Amino acid sequence: CFGEQQPPLNGFRQQYILGEKIGEGAFSVVRKATEKSTGTVYAVKCFRKVNLSEQDIKDIHLEVNLLRQMHHDHVLNLHAFFDEPEFYYTVMDLVEGGELFDRIVEKEYYTEKECRDLIKILLETIQYCHGLGIVHRDLKPDNILMTSRDDDASIKIADFGLAKQDAMENNMISSCGTPEYIAPEIARNVFSKEKTPYGKAVDIWSIGVITYVLLCGYTPFHANNQVQLFRKILKGHVEYHSPYWDDISSEAKHFVSRMLVVDPTKRATAAQLLKDPWVIGQDVSSAQLP
Ligand code: ADP
Ligand code: MG
């Protein structure tokens, strides 16, 4: 049906060879792609335009616009963007270690030292984004990619598809994110007609949930359905169950508690958390763990 619209002469297909599928997004397929001129292998997110609403299209352009502003070792780097008759293609650096999500499933949980190393990088990276006025809004272990299969692999934050920037902060009233990692101020908007704006603190809440999961292997809030789940998140009552938390230091629990604070104005910021004793401490060792 796009017969009359020829692909551009200097388009994606002329410059890249598409390879195997490596991931799937809500509206996209992620594949390997080799740049013909350099032989470099990238990851390309392919969006078929017929599947997209006007809002999706706006979101794709916004994600590209945000990625272009960010230059950080731990933020997925955008290499090129193509707007073609049938597809959008976003070409990014290829990250080969899979999702943090799968790593947690494999390992079951992280030692405190492993967790601290990862969370420190995550906080530094999110501090950088927040400094640019960019709020990710969808931090969760499937959007954090591992740089390699090794145990000491580093991370790249991916998927700024729901991210927003300063100018729009007052309009950040849409409800988004993955239920188990969303902040109470987002959950509240689902129940209430009056939409309250929310900002940077939503990412800190999600990092709190991620830290909790890394340390014990399960999420702090869960329920049989979304309404129940949101109620639990709104209460924000965090338990450190025995025996899973028995061997985890009180400094680590205190650190998690500074992030899982229901009132976003009382929640610690990335800068404050980077000075937390557990984050800077060297001697809360993994030796305490089995
Ligand atoms: P969506 O916004 O629809 O969730 P994502 O950007 O999260 O899409 O991409 C979906 C999945 O594709 C990711 O969870 C990841 O497994 C994989 N993926 C995305 N980008 C890359 C990349 N640069 N390198 C390797 N895998 C990637
Ligand atoms: Mg994603």
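1. Helices (H or I, at least four residues) and strands (E, at least two) are taken here as DSSP runs and numbered from the N terminus. On that basis K45 lies in strand 3, which covers residues 41-48. The structure is a predicted model, in which local features need pLDDT of at least 70 and side-chain atom pairs count only at pLDDT 80 or more, while totals for chains, interfaces and linings use all residues. Residues are numbered from 1 along each chain as its sequence is written, and chains are lettered from A and ligands numbered from 1 in the order in which they are written.

2. An unreviewed UniProt entry lists K45 under "binding site"; UniProt positions follow the numbering used here, feature names are shortened, and annotations may be inferred rather than shown by experiment. In the model K45 is buried, because 25 other C-beta atoms lie within 10 Å (buried means 20 or more such atoms within 10 Å of the residue's own C-beta, exposed 12 or fewer, and partly exposed in between, with C-beta atoms placed from the backbone). Leaving aside neighbours within four places in sequence, K45 is in contact with G25, S28, V30, T90 and M92, where contact requires C-beta atoms, placed from the backbone, to lie within 7 Å.

3. D159, in the loop between strand 8 (155-157) and strand 9 (164-165), has phi near 60° and is partly exposed, with 19 other C-beta atoms within 10 Å. E108, in the loop between helix 3 (100-107) and helix 4, has phi near 75° and is exposed, with 9 other C-beta atoms within 10 Å. Most residues other than glycine have a negative phi, and most peptide bonds are trans. A cis peptide bond joins S242 and P243, with omega about 5°, and P243 is placed in the loop between helix 7 and helix 8 (250-259).

4. Helix 4 (residues 112-131) and helix 6 (residues 201-216) pack at an angle of about 170°, with their axes 11 Å apart; axes are lines fitted to C-alpha atoms, for helices over the stretch in contact, and angles run from 0 to 180 degrees between N-to-C directions. Helix 4 is therefore roughly antiparallel to helix 6 (over 145 degrees; under 35 counts as roughly parallel, 65 to 115 as roughly perpendicular and the rest as oblique). The contact is made by C115, L118, I119, L122, L123 and I126 of helix 4 and by D203, I207, T211, L214 and L215 of helix 6, a set that divides into 9 nonpolar, 1 polar and 1 charged.

5. In helix 5 (residues 184-191), P184, E185, I186, A187 and N189 are buried, and their cover includes helix 6 and helix 7 (226-235). Y198, in the loop between helix 5 and helix 6, counts as buried with 23 C-beta neighbours inside 10 Å.

Notes: Contact = placed C-beta atoms within 7 Å. Nonpolar A, V, L, I, M, F, W, Y, C, P; charged D, E, K, R; others polar.
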